[in-house]
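Biologist: I want to learn how to read a fold from its coordinates. Can you take me through one?

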Amino acid sequence: MVKEQISKIAYKTLQQGKSIAGLAHKELSTRIMNFVLPDNKLGNLTIDKKLLVDIQNSMDRLREEDWNDAEKNIYPQKLLFDEPWLRYLTQYPKIWLDMPNTWDRRRKQNYKDLPKNIENENYPKYYLRNFHHQTDGYLSDFSASIYDLQVEILFNGSADAMRRRIIKPLKEGLNNFGNRKKSSLKILDVATGSGRTLKQLRGAFPKEKIIGLDLSGSYLKEASRFISNLNGDLIELIKGNAENLPFEDNSIQGITCVYLFHELPRTVRENVLKEFFRVLEPDGILILADSIQENDSPDFIQIMENFYKSFHEPFYCDYIKEDITSKIKDIGFNNIKSNSFFMTKVWSAIK
Ligand SMILES: C[S@@+](CC[C@H](N)C(=O)[O-])C[C@H]1O[C@@H](n2cnc3c(N)ncnc32)[C@H](O)[C@@H]1O
């Protein structure tokens with residue numbers, strides 16, 4: 001009992017420390033930017049005191065949920081303390097060195113600043129841009145090498161706690177196949193990026209077959225390094241497009257997809273949902289996690305607006321307004337549920 005109390009305090013302290021570090025970094029970098037390369041177009045992005053308190057409370061609720069799920073053995077407690085410090089240490093100076101390039105791209109509204117060697121015809125048009133004004137978009141090893149820490153800072157150190165919210169509903173959904181061997185079940189993580197979700201999934205699902213798919217070869221290489229030492233069976237990584245998944249109909253039992261939808265045009269979101277429906281086996285489960293939306297998080301609208309004003313996110317404004325639940329239903333899914341945790345909304349749906 002005492003050990004549990006100490007672990008919980010340690011977890012909360014770790015999370016608070018990361019949150020303070022994230023906020024301090026954002027405050028400092030904004031001040032420096034305003035001094036060195038002021039951008040009048042950004043306007044006033046400050047948030048009022050009440051909103052700050054709401055954010056804090058929402059983060060506290062997320063941590064409580066994260067702790068409770070680990071206590072119930074939905075995933076191992078060690079995932080809560082699993083921080084790649086060495087990786088962060090190498091990423092952090094690179095983020096600072098790259099920051100003036102990002103500011104410059106934002107000031108010039110230059111979002112087509114991509115590596116010259118890429119073959120455009122291999123990628124959908126919407127993808128060929130500098131999302132978040134980030135250097136090389138998703139199309140270089142450099143971009144992949146600093147992505148994780150950038151997201152961690154953006155979410156004040158809560159990114160993995162939010163990603164873990166997919167695990168509980170996924171476990172419940174996979175119970176539909178409880179009479180089968182776990183090693184025969186396939187979980188596909190679409191738009192897996194640099195592998196953070198894969199690590200959480202492997203911790204919670206040591207026996208199932210896990211596959212990560214992404215359009216970016218560079219991000220998959222980064223993911224491969226990140227997950228190479230994990231226990232359990234090898235995780236398969238596939239370069240592919242979510243609009244045209246390289247799997248047969250009815251062949252996958254669980255699909256997860258984290259932080260992809262806000263970066264897709266509406267028509268592509270629909271195509272991707274149809275692909276998910278096609279490849280899932282009947283009774284299979286889809287778990288979608290992405291930004292919160294306007295209708296169910298009205299208190300955080302200012303944060304959502306600040307996000308698309310300060311980052312190049314051309315489809316976000318439409319995303320936060322779309323009734324995704326109805327779209328999922330129209331495509332044929334049943335038993336659709338959704339829940340929001342801090343900045344992330346999680347949908348679950350059964351085919
Ligand atoms: C915001 S990142 C999210 C990455 C990861 N899921 C995470 O939690 O950090 C979006 C990812 O989606 C990938 N992506 C975008 N469009 C895609 C598509 N049509 N098919 C597959 N991956 C795509 C990008 O390459 C990028 O890795």
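Modeller: Start with contact range. Among contacts between residues at least 6 apart in sequence, 75% join residues at least 24 apart. Keep in mind that this is a predicted model.

Biologist: How many helices and strands does the chain have?

Modeller: The secondary structure comes to 12 helices and seven strands.

Biologist: Why call the chain as compact as a globular protein of its length?

Modeller: Compare the radius of gyration with the globule rule. The chain has a radius of gyration of 20 Å, and the rule gives 20 Å for 351 residues, so the chain is as compact as a globular protein of that length. Along the principal axes, the C-alpha atoms fill a box of roughly 60 × 60 × 40 Å.

Biologist: What share of the residues counts as buried?

Modeller: Burial is a matter of counting neighbours: 20 or more other C-beta atoms within 10 Å make a residue buried. Here 38% of the 351 residues pass.

Biologist: Which domains is the chain divided into?

Modeller: Domain 1 is 2-86, domain 2 is 87-154 and domain 3 is 167-350. The C-alpha centres of domain 2 and domain 3 are 22 Å apart.

Biologist: How do I read the interface between domain 2 and domain 3?

Modeller: The size of an interface is often given as the accessible area lost when the parts come together. Contacts are another way in. Here 19 residues of domain 2 are in contact with 17 residues of domain 3. The domain 2 side has 10 nonpolar, six polar and three charged residues.

Biologist: What does the UniProt annotation cover?

Modeller: The unreviewed UniProt entry annotates residues 187-284 as "domain: Methyltransferase". That span is 35% helix and 27% strand, and its end C-alpha atoms lie 10 Å apart.

Note on methods
Residues are numbered from 1 along each chain as its sequence is written. This is a predicted model: local features need pLDDT of at least 70, side-chain atom pairs count only at pLDDT 80 or more; totals for chains, interfaces and linings use all residues. Helices (H or I, at least four residues) and strands (E, at least two) are DSSP runs, numbered from the N terminus. The radius of gyration is taken over C-alpha atoms; the globule rule is 2.2 Å times the number of residues to the power 0.38. A residue is buried if 20 or more other C-beta atoms lie within 10 Å of its own, exposed if 12 or fewer, and partly exposed in between; C-beta atoms are placed from the backbone. Two residues are in contact if their C-beta atoms, placed from the backbone, lie within 7 Å. UniProt positions are given in the numbering used here, feature names are shortened, and annotations may be inferred rather than shown by experiment. Domain bounds come from an automatic or database domain assignment. Ala, Val, Leu, Ile, Met, Phe, Trp, Tyr, Cys and Pro count as nonpolar, Asp, Glu, Lys and Arg as charged, and the others, Gly among them, as polar.
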